[in-house]
Amino acid sequence: MRPVRCGPLGLGRVCGYTGSVAEGGDPAAMASLPRCPTRRLTLPWCRVWVVAMNRRTMLKWASSLLALFSGILVAVPGCSFVLAVLRRRGGQDALVQRVLRLEDLPPGEPVEVPIVGRKRDAWTVYDQQTIGRVWLVRRSKADVPPEKSKVDAYSAICPHLACIVGLDQEDRRFRCPCHEAAFDLSGRRVPASELGHPNPSPRDLDPLKCAVVHDADEDAWWVEVTYQRFRAGARRRIPESV
Ligand code: FES
C-alpha cells in the first residue's frame, strides 16, 4: 500500500482527497476506491490520478512528456526555417531599377530592356540574373527637355501564360510567340476582329511605374522602372513577388 492524494501526477493538491492504494493501479482496486469527497474533479479522472500514478507509471509519463517536449523543440525552429525559405522564394514585391539612359531611347520606338537582380531558388541565391523584361516606349519627342520627357513601360511577360512578348516590326504590335496574343504599342489587347482569331490574353499588357531621373554623378538622365510581376491567366492584375 502507498499513500496517495488526488492531484496531477500525484504531486499537487487538486481536490484534497488523500488515501492509500495498492501499488500497480489494479483496476479492481480502482473500482473499489472511496469516492473523492470534494468532487472538484469528475470522479473517473480523480480515480485515475489517484490509482494509476505509481512510481513506474509516473516515470513513463514523464519520459513521454520529455520526448514530446524535445520533439516540439526541434520541430518548431525546423518548420519556421522551411516556411521562411518558401516565403522568401519569390523575393521582394517590386524592384526599382535604372534600365536605360534616356538618350538611348528613340522617340516612338519600343526598346526591350532586361531587369537584373537576385534570383532565389529555395536555398540558393544567384546574383546578377535576368529576372524580367520590360518594353519601354518614349512618348515625347526628342526636343522635349529630359525632365519633361514621358516614357511608358510595360512588362514583357504575356498576361496569358507568361511567355515573353516580342515586337512585330511589320505590324507595329507587340506579339506573343506562344499563342499569338497581340497588343498595340500602348499595351492594349488587339480585338479578335482585327486579329482574325481570338486574342488569348485575358487583359492588356501590364503597365509599370516609370520615371525619368537625373544622375548627378554622371550628369545623365535615366529611365527608372519599378518592376513588378502579375499573375498570368487572370483578368484582374494580381501582384506577385519578383
Ligand atoms: S503565353 Fe502569350 S499568348 Fe499564350
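In the hairpin formed by strands E10 and E11, where four residues lie between the strands, Asp-219 adopts a positive phi near 45°. Strands, like helices, are runs assigned by DSSP and numbered from the N terminus, a strand (E) having at least two residues and a helix (H or I) at least four. The model is a predicted one, in which local features need pLDDT of at least 70 and side-chain atom pairs count only at pLDDT 80 or more, whereas totals for chains, interfaces and linings use all residues. Residues are numbered from 1 along each chain, as its sequence is written.

Strands of a sheet pair through backbone hydrogen bonds, either parallel or antiparallel.

Two strands are taken to pair if DSSP finds at least two bridges between them. E10 and E11 are joined in the antiparallel sense over seven bridges, and within this pairing Cys-210 stands opposite Val-225 in E11. On the E3 side, six bridges connect E3 to E11, again with an antiparallel course, and here Leu-95 stands opposite Tyr-227 in E11. Strand E6 (residues 151–155) is held to strand E10 (residues 207–215) by two bridges, the strands running antiparallel, with Ala-153 placed opposite Leu-208 in E10.

Val-223 lies in strand E11 (residues 220–227). Val-223 counts as buried because it has 24 C-beta neighbours inside 10 Å; a residue is buried if 20 or more other C-beta atoms, placed from the backbone, lie within 10 Å of its own, exposed if 12 or fewer do, and partly exposed in between. Leaving aside neighbours within four places in sequence, the contacts of Val-223 include Val-99, Leu-100, Cys-210 and Val-212, a contact being a pair of residues whose C-beta atoms, placed from the backbone, lie within 7 Å. Although Val-223 and Glu-103 are 120 residues apart along the chain, their C-alpha atoms are separated by 9.6 Å.

A further open sheet consists of three strands in the order E7-E8-E9, with antiparallel pairing. Strand E7 (166–168) and strand E9 (182–183) stand at its edges with a single partner strand each, so one side of each is left without a neighbour in the sheet. Strand E8 (residues 173–175) pairs with E9 in the antiparallel sense over two bridges, and Arg-175 has Ala-182 as its bridge partner in E9.

The loop between E6 and E7 contains Pro-159, which counts as buried because 26 C-beta neighbours lie inside 10 Å. Residues up to four places away in sequence not being counted, Pro-159 touches Ser-201, Pro-202, Arg-203, Leu-205, Asp-206 and Ala-232. The C-alpha atoms of Pro-159 and Arg-203 are separated by 6.5 Å, the two residues being 44 residues apart along the chain.

The chain has a mean pLDDT of 82, with 72% of its residues reaching 70 or more; pLDDT is the predictor's confidence in each residue, from 0 to 100. Over residues 8–13 the pLDDT is below 50, and this stretch has 13 contacts in the model beyond near neighbours in sequence. Where pLDDT is low, the predicted coordinates should not be read in detail.

Note on methods: Two residues are in contact if their C-beta atoms, placed from the backbone, lie within 7 Å.
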